[in-house]
Amino acid sequence: MAIKTFLGSPTDGPQELAAVKRASTTPLGAPARVSVVIPARNCSRTIQGVVTPVVEDLVAAGAVDEVVVVDHDSVDDTASLAAGAGARVIRFSAAGPIGEIPDSGKGAVMWKGIWASDGDIVVFVDGDHLRFDSSKVSRLVGPLLRDPALHHVRAFYDQYEGGRTTEAMARPVLSLLHPELAGLRQPLSGEHASRRVTLAGLVFPVGWGTEFSILDQISRRHGASAIGQVDLQYKQHTKGDWAHISLQAFELLYVALRTELRSQGRELPEHWGNVVMTPGERPGEVVQRAARTAELPPLTSLPEWADRERERLRS
């Protein structure tokens, strides 16, 4: 089946999106709220350029209710610059019902960002964009406000120099396990929006496997028709080095196999390790790097979640 694809809409502008949002309500009849959550670590070079357009365009118009930056132990000025641009900044170790999470990665930061945010729709945006404008958020939000059958909308880009792990690992795995999602242009995009209630019911791998896992779980539970994609035109961001590609690919593959085996009532074989082994500098040398294979439970399974939701709805 074809993935629902959105190329643009008259509601992309701040005022137009705000009007659609004002007409939208939650299943309980309350006004719909939108949160933009930005996981960030040492993003002092770029964080203001991501936060400012959202605050000045979308928050000012009433199309977005808040911008939350989850600062993942930055050692630079990320937190102060984000706060100065108008974001609510949350320290990773202070957020959520669990303090320190060993070997935490992007998935753990996102999990805590959902807890900390107040939106019925949660938009995730990477904090390392070199060029950014508010339409990248509004284009993700609009389809969820207009189409109640959608649970998740992921970005794709006409101009993008990334996608190394996508082509080397994510696309082959999708072809094997989820051919119904083969039409996703950038399945590992860091820009996406989801309904809060959907995200809160998902398991979150702590590392790089999270973006794939979100698609995997939503497709299994709600079908591919619950997933859409939207054209955000371009992405320019700071890139990691090649040394991390094998680690990212390993964590994605680990998560995909674990979920598939669990769906069959099986666990990963005991002899499967959780380290990536690559050649060292000397001939025959092997370097082992530990992968992040831990996972966090669905927020809805936590005893504290009901109180958190009551607090959110009262605010």
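In the predicted model, S35 stands opposite V122 in β5. Strands (E, at least two residues) and helices (H or I, at least four) are DSSP runs, numbered from the N terminus. Strand β2 (residues 34-40) is joined to β5 (residues 121-124) by 4 bridges, and the two strands run parallel. Residues are numbered from 1 along each chain as its sequence is written. Because the model is predicted, local features need pLDDT of at least 70 and side-chain atom pairs count only at pLDDT 80 or more, while totals for chains, interfaces and linings use all residues; side-chain values use heavy atoms, with hydrogens and water left out.

The open sheet contains 8 strands in the order β1-β10-β6-β8-β5-β2-β3-β4, with mixed pairing; two strands pair if DSSP finds at least two bridges between them. Its edges are formed by β1 (4-6) and β4 (88-91), each of which pairs on one side only. On average, neighbouring strands of this sheet are turned by 25° against each other, direction ignored.

Helix α4 (residues 106-116) packs on the sheet and touches β2, β3 (66-71), β4, β5 and β8 (192-195), where contact means heavy atoms within 4.5 Å. The direction of α4 makes about 150° with that of β2; angles run from 0 to 180 degrees between N-to-C directions, and axes are lines fitted to C-alpha atoms, for helices over the stretch in contact. Helix α5 (residues 135-146) lies across β1, β2, β5, β6 (152-156), β8 and β10 (227-231), and runs at about 150° to β6.

Two helix pairs were also examined. The axes of α4 and α8 come within 9 Å and cross at roughly 60°. Helices α4 and α8 are therefore oblique to each other, given that angles under 35 degrees count as roughly parallel, over 145 as roughly antiparallel, 65 to 115 as roughly perpendicular and the rest as oblique. In this contact, K106, G107 and M110 of α4 meet T210, E211 and I214 of α8. By class, the residues comprise 2 nonpolar, 2 polar and 2 charged; Ala, Val, Leu, Ile, Met, Phe, Trp, Tyr, Cys and Pro count as nonpolar, Asp, Glu, Lys and Arg as charged, and the others, Gly among them, as polar.

Helix α8 (residues 210-222) packs against α9 (residues 245-263) at an angle of about 20°, with the axes 9 Å apart. The helices α8 and α9 are therefore roughly parallel to each other. The contact involves F212, S213, D216 and R220 of α8 together with L252, V255, A256, T259, E260 and S263 of α9. These residues divide into 4 nonpolar, 3 polar and 3 charged.
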